[in-house]
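Good morning, and thank you for coming. Please keep the display in view as I speak.

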Amino acid sequence: MKGDRVEIVVDAGDTTRTYEVVASRAGRRVETAVRRGVVEVSEVTRSGSVVRTARFMANRVLALVEQPVPRADATE
């Protein structure tokens, strides 16, 4: 959903760097996966097509913060 965001804090040797992947348009979402020592954060469309992907070595990732957009509860 537009506004979903994931912040990734990475060890860059003597300092840390923060990266951010945001669902930039309506109907897109941000997905996170850890595969074979690599953290992948992707912006995905409704149909499942990947728009962009950020990849980081898992042993360098210090924090991965998912910040979903608050959604209205449909049961009320």
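Let me begin with a definition: two strands are said to pair if DSSP finds at least two bridges between them. Strands themselves are DSSP runs of E with at least two residues, helices are runs of H or I with at least four residues, and both are numbered from the N terminus.

What you see is a predicted model, in which local features need pLDDT of at least 70 and side-chain atom pairs count only at pLDDT 80 or more, while totals for chains, interfaces and linings use all residues. Residues are numbered from 1 along each chain as its sequence is written, and side-chain values use heavy atoms, with hydrogens and water left out.

First, the overall layout. The protein has 6 strands and 0 helices, and its pattern along the sequence reads β-β-β-β-β-β. Of the 76 residues, 26% are buried, where buried means under 20% relative accessible area, exposed means over 50%, and partly exposed lies in between, with a 1.4 Å probe and protein chains only. Taking contacts between residues at least 6 apart in sequence, 37% join residues at least 24 apart; a contact here means heavy atoms within 4.5 Å.

How are S1, S2 and S6 arranged? These 3 strands form an open sheet in the order S2-S1-S6, with antiparallel pairing. S2 and S6 (61-67) are the edge strands, each pairing on one side only. Neighbouring strands of this sheet are turned by 15° against each other on average, direction ignored; the axes are lines fitted to C-alpha atoms, for helices over the stretch in contact, and angles run from 0 to 180 degrees between N-to-C directions. Strand S1, residues 5-11, is joined to S2 by 7 bridges, and within that pairing Val6 stands opposite Val21.

I turn now to the other sheet. S3, S4 and S5 form an open sheet of 3 strands in the order S3-S4-S5, again with antiparallel pairing. Here the edge strands are S3 and S5, each of which pairs on one side only. The twist averages 20° from one strand to the next.

S3 (residues 29-35) and S4 (residues 38-44) are joined by 7 bridges, and Thr32 has Val41 as its bridge partner in S4. Their hairpin has 2 residues between the strands, and Arg36 takes a positive phi near 50° there. S4 also pairs with S5 (residues 50-57) over 7 bridges. In this case the hairpin has 5 residues between the strands, and Gly48 in the turn has a positive phi of about 100°. Two bridge partners in S5 deserve mention: Phe56 for Val39, and Arg52 for Glu43.

Which aromatic rings pair? A search of the whole structure finds 1 aromatic pair. Tyr19 and Phe56 form this pair, with 5.2 Å from centre to centre and 40° between the planes, hence the label tilted. By definition, rings of Phe, Tyr and Trp (its six-membered ring) pair if their centres lie within 6.5 Å; planes under 30 degrees apart count as stacked, over 60 as edge-to-face, and the rest as tilted. Because Tyr19 lies in S2 and Phe56 in S5, the pair ties together parts that are 37 residues apart in sequence. Tyr19 is partly exposed at 36% relative accessibility, whereas Phe56 is buried at 12%.

Finally, two arginines. Arg28 lies in the loop between S2 and S3 and is buried, with a relative accessible area of 15%. Its side chain makes a polar contact of 3.3 Å with that of Glu43. A polar contact is a pair of N or O atoms within 3.5 Å; within protein, one must be able to donate a hydrogen and the other to accept it, and residues adjacent in sequence count only if both atoms are side-chain atoms.

Arg29 belongs to strand S3 and is partly exposed, at 31% relative accessibility. Its side chain makes a polar contact of 2.9 Å with the side chain of Glu31 and reaches the backbone oxygen of Thr45 at 3.1 Å. Arg29 and Arg5 are 24 residues apart in sequence, and their C-alpha atoms are 8.4 Å apart in space.
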